[in-house]
Amino acid sequence: AQGLTLGRPRAARAAASRAATFPKMQFGLGNLFGKTETPEEAKIIPDIFPAGTSIGATKLRVKYANWVKSAADLSNPFSLGDTPTKGAGEINMGQTITPTQAQTKPVIGWEAEKGAYYTLMLVDPDAPSAADPSMRNWCHWVRVNIPGDNLPCDGKDGGDDLKEYVGSAPPKDTGLHRYVFLLFKQAEKKDFPNSERVPFTSKERKGFSVTDFAERHELEPVGWTYFKAEYDNYVPELVARLKGEIK
């Protein structure tokens with residue numbers, strides 16, 4: 001649908017924003033003044049949202065762990081992994097990190113409207129590859145009913161993982177993938193159907209329509225950011241975990 005605008009018209013959103021009270025975002029200066037791109041430059045429009053979609057300008061701050069465990073080499077029976085290795089920490093828009101660094105949920109902050117509830121998504125529009133994105137979008141995470149009064153989004157914010165977090169897992173020899181965080185303001189706190197819940201599995205994640213989900217649940221897109229990643233030796237471990245072959 002060309003010219004689609006999800007949520008309220010831009011003028012109404014601006015008026016609401018001016019009237020809102022914003023709690024202090026619980027991050028330091030960090031990468032507040034880092035690289036920015038437009039949705040068109042990053043091809044979020046049209047790869048995720050159709051042309052003409054209005055997306056708000058709320059800045060997302062994404063911080064992965066400073067230290068993570070290394071991956072086990074599943075082809076080597078003597079490889080144990082679990083060696084501490086440097087994590088990504090707070091990331092800039094468009095930064096390249098590794099699947100190893102994205103293996104656990106990040107902490108995410110933004111300036112939230114007082115009393116509002118939010119939905120956060122993470123999707124891969126380049127699945128299984130940017131050259132052949134036939135699985136677009138592969139849904140890595142959906143967290144709903146995040147209270148704007150209780151940020152950052154850190155697992156203790158009172159929100160609910162509708163689709164459990166799965167780290168990046170680009171297939172071998174498919175180059176860089178974009179992993180896009182999308183922030184939506186909800187019309188209200190709501191009950192999402194259990195039929196849309198997805199546990200830690202690869203089932204029911206490919207071909208996820210962000211716009212259909214947003215329209216059905218009255219979600220207004222207010223912010224986004226992304227990182228890039230390509231295959232590393234953590235991917236086979238993650239795939240095995242999704243299949244239940246290892247814990």
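Contact here means heavy atoms within 4.5 Å. With that in hand, let us start from one residue. Leaving aside its neighbours within four places in sequence, Phe 181 is in contact with Leu 60, Val 62, Tyr 64, Pro 106, Ile 108, Met 121, Leu 122, Trp 141, Gly 223, Trp 224, Thr 225 and Phe 227.

A word on the source: this is a predicted model, in which local features need pLDDT of at least 70 and side-chain atom pairs count only at pLDDT 80 or more, while totals for chains, interfaces and linings use all residues. Residues are numbered from 1 along each chain as its sequence is written, and side-chain values use heavy atoms, with hydrogens and water left out.

**Nonpolar cores**

Phe 181 also belongs to the largest nonpolar core, which has 25 residues; Phe 181, Tyr 64, Ile 108, Trp 110 and Phe 227 touch the most other members. A nonpolar core is a set of buried Ala, Val, Leu, Ile, Met, Phe, Trp, Tyr and Cys residues joined through side-chain atoms within 4.5 Å. Buried means under 20% relative accessible area, exposed over 50%, and partly exposed in between (1.4 Å probe, protein chains only). At least two residues of this core come from each of strands S7 (117-124), S8 (138-147), S10 (177-186) and S11 (219-229). Strands (E, at least two residues) are DSSP runs, numbered from the N terminus. There is also a second, separate core of 24 residues, including Ile 44, Ile 55, Leu 182 and Phe 192.

**Two open sheets**

Strands of a sheet pair through backbone hydrogen bonds, either parallel or antiparallel. Two strands count as paired if DSSP finds at least two bridges between them.

Another open sheet has 3 strands in the order S4-S1-S6, and here the pairing is antiparallel. S4 and S6 (107-109) stand at the edges with a single partner strand each, so one side of each is left without a neighbour in the sheet. The antiparallel strands S1 and S4 are joined by 2 bridges, and Lys 63 stands opposite Glu 90 in S4.

**Salt bridges**

The whole structure holds 12 salt bridges. Each is a side-chain nitrogen of Lys or Arg within 4 Å of a carboxyl oxygen of Asp or Glu. Three of them are listed here.

| Salt bridge | N to O distance |
|---|---|
| Arg 61 and Glu 90 | 2.6 Å |
| Arg 178 and Asp 126 | 2.7 Å |
| Asp 161 and Arg 143 | 2.8 Å |

Why does the pair of Arg 61 and Glu 90 tie together separate parts? Arg 61 lies in strand S1 (residues 61-63) and Glu 90 in strand S4 (residues 90-91), so the pair ties together parts that are 29 residues apart in sequence. Both Arg 61 and Glu 90 are buried.

Arg 178 in strand S10 and Asp 126 in the loop between S7 and S8 are 52 residues apart, and both are buried. Asp 161 in strand S9 and Arg 143 in strand S8 are 18 residues apart. Asp 161 is buried, with a relative accessible area of 17%, and Arg 143 counts as buried at 4% relative accessibility. Finally, salt bridges that share partners join Asp 47, Asp 126, Arg 136 and Arg 178 into one network.

Notes
Helices (H or I, at least four residues) and strands (E, at least two) are DSSP runs, numbered from the N terminus.
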